[in-house]
Amino acid sequence: MKTLLQNRFTTKWWDYTRPIESSKLEELYECIRLAPSKNGDYCFEIYAIGDTVAAEEFKQWLYWENTYCLDTVRGKKGPGLKRFNGQVIAPLVLMWVATDDHTDTRHDCIVSSTVAMLSAESLGLQTGFNGCIGETEIASRLNIAGKPIMTLGIGYAGEFDKEEQRKVFDDNGNHVGFDYANVPPGMSTHTRKNRPTVEKLFKTI
């Protein structure tokens, strides 16, 4: 487990030529099913957004219109280079949707999605969390009553980068923003530099 976490990175750019094997999907889904839940209530649903026409259309909408940030504000309109979230256009995107407003349900979604991440990584897949989502807009677009909490992109990563960012271009070739790159685990980045030491993180009572 320690090695898995040491080697993990947030995948943003994917290899779409490598489909996820059905055997791995079956094991992944079963691991998620076995994840613990507060009181065993399971007041959430998980949407599996794959490669159907409707799924691809939804993921493109998530990427281009719903989850990007401008000036650190999600979905802000106006000029400037946007920061995109390639996690939401992974070959498979899992989305946890709470079916009630209880705090325990949000916690369940976080636990379940963490189990999903660890399971996928242990199967040799790569993952990318994204909580930067417009919950109301997603629920409206999918015509669901629940509240989207978290998404997790899953698949095989594309190539690594030597820089920490990669430019994003629209269909017309215009440079419209950037996304963080697939950064090798040994490369220090803005997030990994903030990881505390064991001595600083743990307080013994």
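A residue is taken as buried when its relative accessible area is under 20%, and by this criterion 41% of the 205 residues of the protein count as buried. The structure is a predicted model, and the values that follow were computed from it.

The protein contains six helices and nine strands. Its radius of gyration is 17 Å, close to the 17 Å that the globule rule gives for 205 residues, so the protein is as compact as a globular protein of that length. The C-alpha trace spans about 50 × 45 × 35 Å along the principal axes. When contacts between residues at least 6 apart in sequence are considered, 72% of them join residues at least 24 apart.

In soluble globular proteins, nonpolar side chains tend to be buried together. In the present model, the largest nonpolar core comprises 22 residues, and those with the most contacts inside it are Ile-49, Phe-58, Leu-62, Tyr-63, Met-95 and Ile-138. At least two residues of this core are supplied by each of α3 (53–66), β5 (92–98) and α5 (135–142), with α3 giving the most, namely five residues. A second, separate core is made up of 19 residues, among them Phe-44, Trp-96, Ala-120 and Leu-123.

Two of these members of the second core, Phe-44 and Trp-96, are also touched by Ser-112, whose other contacts, again not counting residues up to four places away in sequence, are Ile-32, Ala-35 and Ile-46. Ser-112 itself lies in helix α4, which covers residues 103–122. The relative accessibility of Ser-112 is 1%, and because the limit for a buried residue is under 20%, Ser-112 counts as buried.

Open space in the model was examined through the second largest pocket, in which about 250 Å³ of space lies. This pocket is lined by 13 residues, of which Ile-20, Gly-50, Asp-51, Pro-91 and Leu-92 lie nearest its centre. By class, the lining of the second largest pocket consists of eight nonpolar, four charged and one polar residue.

Definitions and conventions:
Residues are numbered from 1 along each chain as its sequence is written. This is a predicted model: local features need pLDDT of at least 70, side-chain atom pairs count only at pLDDT 80 or more; totals for chains, interfaces and linings use all residues. Side-chain values use heavy atoms; hydrogens and water are left out. A nonpolar core is a set of buried Ala, Val, Leu, Ile, Met, Phe, Trp, Tyr and Cys residues joined through side-chain atoms within 4.5 Å. Buried means under 20% relative accessible area, exposed over 50%, partly exposed in between (1.4 Å probe, protein chains only). Helices (H or I, at least four residues) and strands (E, at least two) are DSSP runs, numbered from the N terminus. On a 1 Å grid over the protein atoms alone, a cavity is a set of points where a 1.4 Å probe fits but cannot get out, and a pocket is an open set with protein on both sides within 12 Å along at least five of seven lines; lining residues have an atom within 4 Å of a point. Grid points are joined across faces, edges and corners, and a volume is the space filled by probe spheres set on the points. Ala, Val, Leu, Ile, Met, Phe, Trp, Tyr, Cys and Pro count as nonpolar, Asp, Glu, Lys and Arg as charged, and the others, Gly among them, as polar. The radius of gyration is taken over C-alpha atoms; the globule rule is 2.2 Å times the number of residues to the power 0.38. Contact means heavy atoms within 4.5 Å.
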